[in-house]
Amino acid sequence: MGMNKKLGILLSGRGSNFLAIADSIAEERLSGAEIAVVVSNLADAPGIAAARERSFAAAVIESRGRKRAEHDAEIVATLQHHEVDLVCLAGYMRLLSPEFVRAFPQRILNIHPSLLPAFPGLHAQRQAIEYGVSYSGCTVHFVDEELDHGVIIVQRTVPVLPGDDERTLSARILEQEHLAYPEAIARVLSGNYEVKGRRYIAR
Ligand code: GAR
């Protein structure tokens with residue numbers, strides 16, 4: 001256990017990506033990693049209840065009514081206290097301050113439910129339906145100081161089918177998210193890659 005890299009998970013909601021990561025570690029599909037702490041900015045996020053149920057260290061750090069920099073500093077302190085190596089945003093619906101990003105250089109991942117750079121921001125699946133694309137998917141990327149912008153590590157695609165609505169497309173994409181996130185974590189933890197400009201290059 002002591003050799004494992006420590007993951008810090010940040011979430012705001014349901015937590016299915018967190019649980020997919022937890023399951024892939026428990027079932028040894030993702031090795032050399034452990035979840036050190038789960039942080040939510042919302043007290044009533046189902047994901048934080050799931051973390052407690054599974055006996056993970058869990059912290060609610062409320063964002064409401066606080067300055068971003070101050071809120072982020074508390075999260076960074078919590079992650080550092082738990083000696084986190086890699087921060088995984090898993091449905092964490094807040095922008096990170098530059099100070100937060102700089103505290104974990106190339107050590108913060110995010111998952112987004114579209115094929116970036118298409119459809120950044122909120123309601124990516126709805127954006128894809130309304131735009132009329134035939135394919136969408138998900139992207140795991142490094143977090144930089146711009147929204148949904150950092151270097152892409154893994155993408156997985158799904159078709160957009162006639163008759164899809166936001167709900168059916170979201171469900172199809174989510175299945176792929178649950179595969180993409182553990183794969184991206186394994187890639188980053190392996191260290192077998194380099195980043196050239198915008199490109200992630202496996203070695
Ligand atoms: C996921 O679909 C994730 O890609 C998306 O929120 C959902 C969280 O689900 N993230 C974003 O839209 C980030 N902008 P989960 O709580 O079940 O993992």
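Colleague: Where is His112 found, and in which strand?

Modeller: His112 is found in strand β5, residues 108-112; a strand here is a DSSP run (E) of at least two residues, numbered from the N terminus, while a helix is a run of H or I with at least four. This is a predicted model, where local features need pLDDT of at least 70, side-chain atom pairs count only at pLDDT 80 or more, and totals for chains, interfaces and linings use all residues. Residues are numbered from 1 along each chain as its sequence is written, and side-chain values use heavy atoms, leaving out hydrogens and water.

Colleague: Why is His112 called buried?

Modeller: Buried means under 20% relative accessible area, exposed over 50%, and partly exposed in between (1.4 Å probe, protein chains only). His112 has 4%, so His112 is buried.

Colleague: What makes Phe56 partly exposed?

Modeller: Its relative accessibility is 22%, so Phe56 counts as partly exposed.

Colleague: And why is the pair of Phe142 and Tyr193 called tilted?

Modeller: Good one! Rings of Phe, Tyr and Trp (its six-membered ring) pair if their centres lie within 6.5 Å; planes under 30 degrees apart are stacked, over 60 edge-to-face, and the rest tilted. Here the centres are 6.1 Å apart and the planes are at 35°, so the pair is tilted. Phe142 sits in strand β6 and Tyr193 in strand β8, 51 residues apart.
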